[in-house]
Amino acid sequence: MSQPRREMTRPVPEGLRGKVRLTFWTKYGALTGFIVSCAILSMVQPRFLTYMNLMNVARQVSIIGIIATGMTFVIISGGVDLSVGTVAALAGCVAAGTMLRSGVLTGIVLGMIIGGICGFINGLVIMYGKAPPFIATLGMQTIARGAVLIYTDGQTIPNLPQRFVEIGTGWLFGFVPIPVVIAGIVLLIGNVVLNNTQFGLHVLATGGNQEGARLSGVNVVRTRIAVHSISGFLAALGGIVLTARVFSGQPTLGVGLDLQAVAATVIGGTAMGGGQGSMSGTLLGTMIMGVLTNGLNLVGVSAYWQEVVIGSIIITAVVLDNIRRR
């Protein structure tokens, strides 16, 4: 049995105190990386710091930010969710198909329910089926991809209502993209839940030491099922916003979103082994991903090399995390 970690993000009850503790990397690593990235790119490419470019970056990373919020809960609890990309596609297509028949609100609600159910099933399979999170969510990834292809017959769902499309393409008060507003609200709520609620404490304690958390009175089964349900729910929200952004329901949407969400979370300082992490770190990790992608685009680096760079950063973040935890 692994020893309980003495790590924490805020004052906790005496029985759980000292199980999680943020280190310097968790606190400042993502912020340092973000500042350095911005400084280098602003010197290399003056267009980088223009308002429109920064808003473009924010709009591009908003989907990842929404999904990474759910991923942060899952990883802090000691798991991982590789199904979020295809769950996003399934929810987006179900929402698109439904709203053409029954209205925008009905489509959005049904899409998000579908996402929550997928996450709930992931949690059940992991906790009651004793399946490793990697395998369980990989299976859900395949199921969701098959389901969305069955639902759409492999075809795009076009002609979505304009008021729905505004969710992905509109601006609030003319200067902030609506997807950025949605992502900001989601991250803010996630931060409050993680740092100011009993549930957040249970998530941290479960990831820090599952058996220790159980002996301290935490309902580990309920906590891990809940975090996967949250992840599925937010994956659906991200998929719906993405569907609005591309004007149609597309069964191939969401490819790569799962790994990007994991990357944003880990780069932000959340430990892959669970037990520590923060939403502010996830926000910074998401912004680092967006800034690097945007900067590489501005200096003319090909998409192939961008994948090499992003992949290298993910590996580096994980290696640094492992070194720190020794």
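The questions and answers below go through the helices, pockets and loops of this predicted model.

Reader: Why is valine 148 called buried?
Author: Buried means under 20% relative accessible area, exposed over 50%, and partly exposed in between (1.4 Å probe, protein chains only). Valine 148 has 0% relative accessibility, so it counts as buried. It lies in helix α5 (residues 133–152). Helices here are DSSP runs of H or I with at least four residues, strands are runs of E with at least two, and both are numbered from the N terminus. Valine 148 and leucine 90 are 58 residues apart in sequence, yet their C-alpha atoms are 4.9 Å apart.

Reader: What makes leucine 138 partly exposed?
Author: Its relative accessible area is 32%, so leucine 138 is partly exposed. Leucine 138 also belongs to α5. Its C-alpha is 9.6 Å from that of asparagine 122, which is 16 residues away along the chain.

Reader: Why is phenylalanine 173 called exposed?
Author: Its relative accessibility is 70%, so phenylalanine 173 counts as exposed. It sits in the loop between β1 (171–172) and β2 (176–177).

Reader: What is the phi of phenylalanine 173?
Author: Phenylalanine 173 has a positive phi of about 55° although it is not a glycine. Most residues other than glycine have a negative phi. Phenylalanine 247 has a positive phi too, of about 70°. That residue is in the loop between α10 and α11.

Reader: How do you know that α11 is largely enclosed?
Author: Count the buried residues. In α11 (residues 257–267), 9 of the 11 are buried, so the helix is largely enclosed by the rest of the structure. Among them are Leu257, Asp258 and Ile267. Just after α11, glycine 269 takes a positive phi of about 100°.

Reader: What makes a space a pocket?
Author: On a 1 Å grid over the protein atoms alone, a pocket is an open set of points with protein on both sides within 12 Å along at least five of seven lines. A cavity is a set where a 1.4 Å probe fits but cannot get out. Lining residues have an atom within 4 Å of a point. The largest pocket has a volume of about 680 Å³. Its lining has 21 residues, with Ile64, Gly256, Gln260, Met289 and Thr293 nearest the centre. α13 gives the largest share, 5 residues.

Reader: Why are α2 and α7 called roughly parallel?
Author: Their axes come within 8 Å and cross at roughly 20°. Angles under 35 degrees count as roughly parallel, over 145 as roughly antiparallel, 65 to 115 as roughly perpendicular and the rest as oblique. α2 and α7 are therefore roughly parallel to each other.

Technical notes: Residues are numbered from 1 along each chain as its sequence is written. This is a predicted model: local features need pLDDT of at least 70, side-chain atom pairs count only at pLDDT 80 or more; totals for chains, interfaces and linings use all residues. Side-chain values use heavy atoms; hydrogens and water are left out. Grid points are joined across faces, edges and corners, and a volume is the space filled by probe spheres set on the points. Axes are lines fitted to C-alpha atoms, for helices over the stretch in contact, and angles run from 0 to 180 degrees between N-to-C directions.
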